[in-house]
Amino acid sequence: MRRSRQRGRLADAGSGAGALDRGAAVEGTRSFAIRTYGCQMNVHDSQKLANLLHHAGYAAATSEGEADLLIINTCSIREKAEHHLYSDLGGLKGWRAASPGRVLGVGGCVAQQVGDALLGRFPQLDFVFGTHNIRHVALMAAAAERGERSADTSETTSLDRFDLPARQPQTAESTPGRAFLTVMEGCDMFCSFCIVPRTRGREVSRPAADILGEARALVDRGVREVTLLGQTVNAYGRHDRRRGHSAAAGTLAFAALLAELDAISGLERIRYTSPHPSFFDDALVRAHGELESLCPHVHLPLQSGSNAVLAAMRRRYTREAFLELVEALRSARPDIALTSDLIVGFPGETDDDFQDTLELVERVRFVDHYSFKYSSRPGTAAAELAVTDAVPAEVAQDRLERLQGLQRRLTLAYHRRRVGECSAVLIEGPSRRGGSQLCGRDPYNRVVNLDGAGSPVAPGAIGPVEIVDATPHSLIGEWSSSALAS
Ligand code: 5AD
Ligand code: SF4
């Protein structure tokens, strides 16, 4: 499970203030820290929480040890993710008791699912807020400071949840030059394995004017790349269209929204995640060939290559339909890089089903994928199948390793094919490799590492890089003086 922490030291493109200045709480100011688990939606929700707290007069703490308020933003997609919360809460008893007036809050998907029962189980917990209620975080924290424990996990389909205050300069982008932008929330697909429709609620799309306004404001603060976020992002506005309400709701077809964003000058890259394969219409496929700033990368969750498993998962497409979509995207944009999500060990998955998955992954030649062992989630349709048709743990583990082994081979082959290209790399900052190495992302969303000496661009800007070598996890580049290929 990926975990990140939001603290005052995060870099912030476009802000003149020093990171530590922004992070250090002024004497008497309450300070906060946020622990984040899970997906990009959660990472972005934590940024929204940080912004709301800045607006309420809190400052980001330099560490959890310094913080007066600690929020855990939770994930419940798999059982393991949920367990992180319970072990964290056990460990935080001491943190809460170490200084009088400290406040501990829990938000996100586990909060939405378990609700106020968490308060009963964990006396060290002060407040619990659901995925629809992040706007209330400052009020709940203030109540907790007065000694009032509370839980709010009420659900709403109102657009109020998008009505958040403007991003404060102190609210850092997680990577310089790049920002998330919410376009819709919720999911109405109810895939049989997935808890998200229960933790994120029904699909709600944000008015296009608000999305475009936020995109322009981001460009004004130095952002070059936005990633449009939604649980089924390309279902954007579909219920408004079906009901004939698009004009009143202010939503557009997803491809039309992309075209409007593409027209914003200074916005150089647009990405979106995660789409559902069923919501690619012709216009969206064509957009990949037509819109200059739309990146040649799509994260396209497949989940399984077997038609029997796809039907049991209620994915609403077949392997043939998926392949047709892949071919259509490749005709529109021949160099498009495709990544995916896959689940192994879904209840009833046979060796033949798994062979179908291996075969399809090889045929599509995904550039990369995330794969997971099926985890039974309470209340989902597949949880009942898991009782009678569970795949033994060691079989699921073996399948996971074989699938990941295949992907390592495909990823390395893809990286090797890229050697010799000149690419546009958005520089993020120091590389994990240490020394003077920098890292960034190319338009295909691959990590590129390169020597920072003589860097022509600052973090958050895009520079020309020649790809000179390939590793299984990243590309190795050198600054290039030649014109950019893309
Ligand atoms: N078990 C395993 N993986 C799951 N995912 C979602 N629900 C489950 C589950 N119950 C995976 C899917 C999804 C990704 C975000 O997490 O592959 O696309
Ligand atoms: Fe979960 Fe399926 Fe919705 Fe994706 S589309 S969030 S996998 S229910």
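Analyst: Let's go through the sheet, the helices around it, and then a few neighbouring features.

This is a predicted model, in which local features need pLDDT of at least 70, side-chain atom pairs count only at pLDDT 80 or more, and totals for chains, interfaces and linings use all residues. Residues are numbered from 1 along each chain as its sequence is written, chains are lettered from A and ligands numbered from 1 in the order in which they are written, and side-chain values use heavy atoms, with hydrogens and water left out.

We can start with an open sheet of three strands, in the order β13-β14-β15 and with parallel pairing. Helices (H or I, at least four residues) and strands (E, at least two) are DSSP runs, numbered from the N terminus, and two strands pair if DSSP finds at least two bridges between them. At the edges of this sheet are β13 (297–299) and β15 (368–373), each of which pairs on one side only. On average, neighbouring strands here are turned by 10° against each other, direction ignored. For this and later angles, axes are lines fitted to C-alpha atoms, for helices over the stretch in contact, and angles run from 0 to 180 degrees between N-to-C directions. Three bridges pair β13 in the parallel sense with strand β14, which covers residues 337–344. One residue pair to find on screen is H299 with its bridge partner T339 in β14.

Next, look at what rests on those strands. Helix α18 lies across β14 and β15, and runs at about 175° to β15. Here contact means heavy atoms within 4.5 Å.

Helix α18 (residues 393–418) also meets helix α16 (residues 351–364): their axes come within 10 Å and cross at roughly 15°. Angles under 35 degrees count as roughly parallel, over 145 as roughly antiparallel, 65 to 115 as roughly perpendicular and the rest as oblique. That is why α16 and α18 are described as roughly parallel to each other. Their crossing is right-handed; a crossing is called left-handed if the near helix is turned anticlockwise from the far one by less than a right angle, and right-handed if clockwise. On the α16 side, the contact is made by D351, F354, Q355, T357, L358, V361 and E362, while α18 brings R399, R402, L403, L406, Q407, R409 and L410. Sorted by class, this contact has six nonpolar, three polar and five charged residues. In this sorting, Ala, Val, Leu, Ile, Met, Phe, Trp, Tyr, Cys and Pro count as nonpolar, Asp, Glu, Lys and Arg as charged, and the others, Gly among them, as polar.

Helix α16 has another partner in helix α15 (residues 319–332), where the axes come within 11 Å and cross at roughly 10°. So α15 and α16 are roughly parallel to each other as well. Here R319, F322, L323, V326 and R330 of α15 meet D356, E359, L360, R363 and V364 of α16. That contact divides into five nonpolar, no polar and five charged residues.

Follow α15 onward and you reach α13: the axes of these helices come within 7 Å and cross at roughly 30°. That angle makes α13 roughly parallel to α15, and the crossing is right-handed. V285, H288 and G289 of α13 touch L325, A328, L329 and A332 of α15. The residues of this contact are five nonpolar, two polar and no charged.

The loops hold some backbone details too. Q303, in the loop between β13 and α14 (307–312), has a positive phi of about 75° although it is not a glycine. A cis peptide bond, with omega about -10°, joins T273 and S274, and S274 is found in the loop between β12 and α13 (282–290).

Strand β12 leads us to another open sheet of three strands, ordered β8-β11-β12 with parallel pairing. Its edges are β8 (178–182) and β12 (269–273); each has a single partner strand, so one side of each is left without a neighbour in the sheet. Neighbouring strands of this sheet are turned by 25° against each other on average, direction ignored. Five bridges join β12 to strand β11 (residues 225–229), and the two run parallel.
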